[in-house]
Amino acid sequence: MLIAPSLLSCDFSVFRDEIVRIDQGGADIMHLDVMDGHFVPNLTFGAPVIKKLRKATEKPFDVHLMISEPHRYINDFADAGADIISFHTESDSDIDETLKLIEARGIKPALAIKPGTAPQVVLPYLDRLYMVLVMTVEPGFGGQSFMPDMMEKVTFLKAEIEKRGLSTLIEVDGGIAKDTIAVAAKAGVDICVAGTAVFGAPDAKEAITELRGLCE
Ligand code: DX5
Ligand code: ZN
């Protein structure tokens, strides 16, 4: 299991130091939540902030766009150093066009689905995707409860990925903690995002190691 701490729950007054801390703590991927106050009822940060943080680590930057018009900003996030860009199928942007913009920049494309969205919507694009992000909470805020029902989507997508012989990864995001991560692992998840479980713990390294251990 790859662990992707969500910086949404870090101490933003020392954003760079928090990235260094979880890098040293064994984080596999840095999950960066971009919110526009429109697609979700919360605001975070954008490409200029990510660009400034890019040099803090060599670990991949997984940029989760919770914004209404992702296609307008793909080049900005590419310039900022994103390695993976996820955008929502429920956004106002054309999925094919937005994927093309990501592909043109040589970045790993991912589609994200909210809890109310059926996994079938990603099937026409599955062969082009590096990853599918299955939300296990309503996007917008950290610290919410994991929705175990979403594991049905993971199982469904995993079967389709195997059937087609693809290497597409499945990421889950929201409510991942000591008491929920094993359920995700069992369902076939490859990458777990964890905000509160990492940043709310006294020792990030211990928290990351423990989460990973619970998947074995
Ligand atoms: C929610 C974000 C998540 C969030 C997860 O909209 O996409 O990445 O930070 O936080 P926890 O792990 O606390 O649920
Ligand atoms: Zn996220």
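I count a residue as buried when its relative accessible area is under 20%, as exposed over 50%, and as partly exposed in between. The model is predicted.

I took Phe-45 to start with. Its relative accessible area is 11%, so Phe-45 is buried. Phe-15 is at 9%, so Phe-15 is buried. Phe-12 comes out at 39%, which makes Phe-12 partly exposed.

I then searched the whole structure for aromatic pairs and got 3. For Phe-12 and Phe-15, I read 5.0 Å between the ring centres and 70 degrees between the planes. Edge-to-face requires an angle over 60 degrees, so this pair is edge-to-face. I looked at Phe-12 with Phe-45 next. Their ring centres are 6.0 Å apart and their planes stand at 65 degrees, so this pair is edge-to-face.

Where do Phe-12 and Phe-45 lie? I find Phe-12 in the loop between strand 1 (2-5) and helix 1 (15-24). Phe-45 is in the loop between strand 2 (30-35) and helix 2 (47-53). The pair therefore ties together parts that are 33 residues apart in sequence. I noted one aromatic cluster formed by Phe-12, Phe-15 and Phe-45.

Entry: charges over rings.
I checked lysines against rings. Lys-108 has its charged end over the ring of Tyr-130, 5.3 Å from the ring centre. Lys-114 has its charged end over the ring of Phe-39, at 5.1 Å from the centre.

Entry: cysteines.
How many disulfides are there? I count 0. I looked at Cys-192 to see why. The cysteine sulfur closest to that of Cys-192 is in Cys-215, 5.8 Å away, too far for a bond. A disulfide needs the two sulfurs within 2.5 Å. From the side of Cys-215, the closest cysteine sulfur is that of Cys-192, at 5.8 Å. I also looked up the exposure of Cys-192: with a relative accessible area of 1%, Cys-192 is buried.

Entry: largest pocket.
I read a volume of about 290 Å³ for the largest pocket. Its lining has 24 residues. Which of them lie nearest the centre? I list Phe-141, Gly-142, Gly-143, Gly-174 and Gly-175. I sorted the lining by class and got 12 nonpolar, 10 polar and 2 charged residues. Strand 2, strand 8 (191-194) and helix 7 (196-199) each give at least two residues to this lining.

Entry: second largest pocket.
This one has a volume of about 160 Å³. I find 14 residues lining the second largest pocket, with Val-34, Asp-36, Ile-67, Tyr-73 and Phe-77 closest to its centre. By class, I get 8 nonpolar, 2 polar and 4 charged residues in this lining. Strand 2, helix 2 and helix 3 (74-80) each contribute at least two residues to the lining of the second largest pocket.

Entry: single residues and C-alpha distances.
I picked Arg-21, which is in helix 1. Is Arg-21 buried, exposed or partly exposed? At 33% relative accessibility, I file Arg-21 as partly exposed.

Pro-48 was my next pick, and Pro-48 lies in helix 2. Its relative accessibility is 62%, so Pro-48 counts as exposed. I set Pro-48 against Ala-80: 32 residues apart along the chain, with C-alpha atoms separated by 6.8 Å.

I ended with Asp-83, found in the loop between helix 3 and strand 4 (84-88). At 28% relative accessibility, Asp-83 counts as partly exposed. I read 24 Å between the C-alpha atoms of Asp-83 and Ile-181, which are 98 residues apart along the chain.

Key
Residues are numbered from 1 along each chain as its sequence is written. Chains are lettered from A and ligands numbered from 1 in the order in which they are written. This is a predicted model: local features need pLDDT of at least 70, side-chain atom pairs count only at pLDDT 80 or more; totals for chains, interfaces and linings use all residues. Side-chain values use heavy atoms; hydrogens and water are left out. Rings of Phe, Tyr and Trp (its six-membered ring) pair if their centres lie within 6.5 Å; planes under 30 degrees apart count as stacked, over 60 as edge-to-face and the rest as tilted. Buried means under 20% relative accessible area, exposed over 50%, partly exposed in between (1.4 Å probe, protein chains only). Helices (H or I, at least four residues) and strands (E, at least two) are DSSP runs, numbered from the N terminus. A charge sits over a ring if NZ of Lys or CZ of Arg is within 6 Å of the ring centre and within 35 degrees of the ring normal. On a 1 Å grid over the protein atoms alone, a cavity is a set of points where a 1.4 Å probe fits but cannot get out, and a pocket is an open set with protein on both sides within 12 Å along at least five of seven lines; lining residues have an atom within 4 Å of a point. Grid points are joined across faces, edges and corners, and a volume is the space filled by probe spheres set on the points. Ala, Val, Leu, Ile, Met, Phe, Trp, Tyr, Cys and Pro count as nonpolar, Asp, Glu, Lys and Arg as charged, and the others, Gly among them, as polar.
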